[in-house]
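Thanks for coming, everyone. I'll take you through one structure today, a few places at a time. Please have it up on your screens.

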Amino acid sequence: MEQNRCYQRATRGFLFGCVVAVLLWSVVSAQIRYSLSEEVNEGTVVGNIAKDLGIDKNTLKARKYRIVSASADPLFHVNQNDGILYVSRKIDREEVCAQSSTCLINLKTVLENPLEVHYVEVEVMDINDHSPIFPEEEKKLDISESVLPGARFQLKPSRDPDSGSFSVQKYRLSPNDHFRLEFKDKINDGKIPILVVQKSLDREAAGSHSLVLTALDGGKPPKSGNMNILINVLDVNDNAPVFTEDVYSVMLNENVPVGTTVIQVNATDLDDGMNGEVIYSLSNSMNQNILNQFNINPLSGAIVVKGSIDYEEKDIYQIEIEASDKSLLPLTTEKSVIIKIVDINDNAPEIEVTSFSSSIPEDSRPGTTVALISVNDLDSGLNGKVICSMDENVPFMLTPSTKDKMYSLVTKSPLDREKQSQYDLTVSAKDAGQPPLSSEKTISVVVSDVNDNSPEFSLSPYTFYVTEGNDPGVSVFSVKASDRDENDNALISYHILRDGSKDNKITSFLNINSENGDILALKSFDFETLKTFKFQVVATDVGTPSLSSNVTVNVFILDQNDNAPVILYPVSSNGSAEGVEEIPRNVNAGHLVTKVRAYDADIGYNGWLLFSLQEVTDHSLFGLDRYTGQIRSLRSFTETDEAEHKLVILVKDNGNVSLSATATVIVRVVEPKEAFAASDVKSSAKDEEENNVTLYLMITLGSVSLLFVISIIVLIAMQCSKSSTDYTSKYLQETNYDGTLCHSIQYRSGDKRYMLVGPRMSIGSTIVPGSNANTLVLPDRRGTSEEVRSDYFVTLNCFFSH
């Protein structure tokens, strides 16, 4: 850094500095000047003001030495400890002083006690930190190719924010043969570049010129800026059209259609725009006959056939054509075209179907004749020799006949209408001419249907689930079959196969719609009497001969809660569910008064019975088991308890819509002596009743034994059966079921499993005939606390699954 100090001496004999002290209103002031380059780093030392002004640096802080500035972001700051002036931030000379030749920054420093004001000037020296910049990156000029050498085109000058020698000093043009660069000095703008044409332009040789104008400043090394100059050379009509070929000669076949392109000539014009657009025409100097035979497209130069061309009339033509541009003063060029006519094979073979059967049955044997085909060609020699062919990927073929140019279309392999019902056969005929001509004819052969497909059911077997209590005469399910044949061969009628088997006896209550397969039940199904059955439906088409197929239909009846509980005990002589029970007054708590017995013909939850007290005179005396129906005393009787109590018991099942029944029990409390007398009266009735029970036991045991033997026979028969049909009862309880309704016994034979399902028996419960495998009881008319423990009767309903 260069520092210039200028001191005004008080006397010429003092050598300690150029300090000027001026005393005005008791204020001391002095001025000093420094210089530094722009863009120096922050914290750069400008100068030691305290030293240069001769101020004791130890007093600076106490006298509050500072720079007075109105700027919030000053460029300089002074250290109060040593009096050195520092740069606070980078200084851009172009920002601070713009284009001024000298950049001075004036600072005012102040000391107090006493007040001193010192002025410091800092000169910011310019550095070459900017490159010349053109006002536009690319300049486009349109110059006609007819412009003379010496033509001048002034360009916009470049600008450089730097000053002095660092501003733009010269321009330079990229090397080229057609332009040079000159300059003109202006006071305010400096050097102005001028582009001068030094060699004639030719648009056809070079349609454009790309130059680079470079501006350089006076730095070392100099900085530069570029501007691209794109010169577009404008055209003048100075070139005539030129044909691309020296000689045009072409061979043309006779009998070509009108409009056929014979040849396309092409001429180019190096000029641009309208001067370079070429149009074509036939010369008026030619014979009118030639003008009647040919024409030329004025834009494309295509010579096309205008009349009939016949080799026998003329075998060669010479046509004169002209090519002109579209200038106001057009330039024209002429050229001859030689057209030689060639005699060719100009007749294609003709295919004629002389005999044809449009439809052929699908059961036709290979070799069946479908059509007779004749082929004719008006040409002679090799041009008239014809070969016929057709696609090999069809079940048909062509066989030549003994007569020349005759072919037979016959079947090659068996047909199947269900795979393909129609064939579009393309017969090709090709002659031996050069080039060969060919023709094609399409023959459509329809394959007619024969009844060779039986109806097919959509499922086999069918399985349906029908809820009991269905409406008679209403469709319960339907079967559907289809036939791949068509028309009458595909019309299907349905009927139920009826024979003398056990299952088919049930089919007498079924009817089927012969047209759509809807099956109607003529009566309501009752799950308690029929749980499953199967039958067969036959689908028959109406073809000749008719074909049919059958399918097995498995039907499972679903149970509904359609049976209310039936009270078996108590039952009065008139049939109502009422009874009277007498118990001694001295019985203890827990004494069995009686047991209400009931059954429900339904199964599952629909047959699961629950007991509840609907009405009782004293809730503290009697309790009812909701599952067994047992009525027991809850406490001992007292003298204050009434002698007769009425209990109304509600028995209901567990169906979605439960059904119920009620029973009334009158409990009479008697003295122990009266109860003993009553027991003697009943003993005779007990003997008679036990005799009846013994008869029931014998009948039931015999029935069970017979049923067991029948079950074993059925198991053996099913083991020997080869049927693979799977029947699964929806109502078969799981083997580990532990409910209150039924129990199961499993049997296995080979890979099949059989399950016998019956009611779960509790002590004191028996089954009477007609119970439908539900829990039943015989009434205990003795009214004692002991239950009949020897009355065990089991009736088993068998469900089979494999």
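Start with Y462 and F464. Both are buried. Keep in mind that this is a predicted model. The structure holds 14 aromatic pairs. Y462 and F464 make one of them: their ring centres are 5.7 Å apart and their planes sit at 10°, so the pair counts as stacked. Planes under 30 degrees apart are what that word requires.

Next pair: F477 and F535. These rings are stacked too, at 6.4 Å centre to centre, with 25° between the planes. F477 belongs to strand β35, residues 474-478. F535 belongs to strand β40, residues 532-541. The pair therefore ties together parts that are 58 residues apart in sequence. Both F477 and F535 are buried.

Now put these rings together. Ring pairs link F457, Y462, F464, F477, F525, F533 and F535 into a cluster.

K523 lies over the face of F509, 4.0 Å from the ring centre. The charged end of K314 sits over the ring of Y317, at 5.4 Å from its centre.

Move to strand β30, residues 406-411. How many of its six residues are buried? Six of the six, so β30 is largely enclosed by the rest of the structure. In a regular strand, side chains alternate between the two faces of the sheet. Look at β30 with that in mind. M406, S408 and V410 point one way, while Y407, L409 and T411 point the other way. All of them are buried.

What does β30 pair with? Strand β27, residues 369-376, runs antiparallel to β30 and is joined to it by five bridges. There, L372 has S408 as its bridge partner. Strand β29, residues 396-400, also pairs with β30, again in the antiparallel sense and over five bridges. F396 stands opposite T411. β29 and β30 form a hairpin with five residues between them. In that turn, K405 has a positive phi of about 65°.

On to charges. The structure holds 17 salt bridges. Here are some of them.

R33 and E121 meet at 4.0 Å, N to O. This pair links distant parts of the chain: R33 is in strand β2, residues 27-37, and E121 is in strand β8, residues 116-125, 88 residues apart. R33 is partly exposed, at 32% relative accessible area. E121 is buried, at 18%.

E277 and K326 meet at 3.2 Å, N to O. E277 lies in the loop between β19 and β20, and K326 in the loop between β23 and β24, so the pair ties together parts 49 residues apart in sequence. E277 is partly exposed at 34% relative accessibility. K326 is partly exposed at 32%.

Then D449 and R417. Their closest N and O atoms are 3.0 Å apart. D449 sits in the loop between β32 and β33, R417 in the loop between β30 and β31, so this bridge ties together parts 32 residues apart in sequence. Are these two buried or exposed? D449 is buried, at 15% relative accessibility. R417 is buried, at 9%. Salt bridges that share partners join R417, E418, D449 and E486 into one network.

Last stop: the surface. F708, V709, I712, I713 and I716 form a nonpolar patch there, with about 450 Å² of accessible area together. I712 is found in helix α5, residues 672-720. At 31% relative accessibility, I712 counts as partly exposed.

Methods: Residues numbered from 1 in each chain as written. Predicted model: local features only at pLDDT ≥ 70, side-chain atom pairs only at ≥ 80, totals over all residues. Heavy atoms only, no water. Patch = residues over 30% accessible without salt bridge, like charges linked within 9 Å, V, L, I, M, F, W, Y side chains within 5 Å. Areas by Shrake-Rupley, 256 points an atom, 1.4 Å probe, with all protein chains shown as cover. Salt bridge = Lys/Arg side-chain N within 4 Å of Asp/Glu carboxyl O. Helix = DSSP H or I, 4+ residues; strand = E, 2+ residues; numbered from the N terminus. Buried < 20%, exposed > 50% of the residue type's maximum accessible area, 1.4 Å probe, protein only. Phe/Tyr/Trp six-rings, centres within 6.5 Å; stacked < 30°, edge-to-face > 60°. Lys NZ or Arg CZ within 6 Å of the ring centre and 35° of its normal. Pairing = 2+ DSSP bridges.
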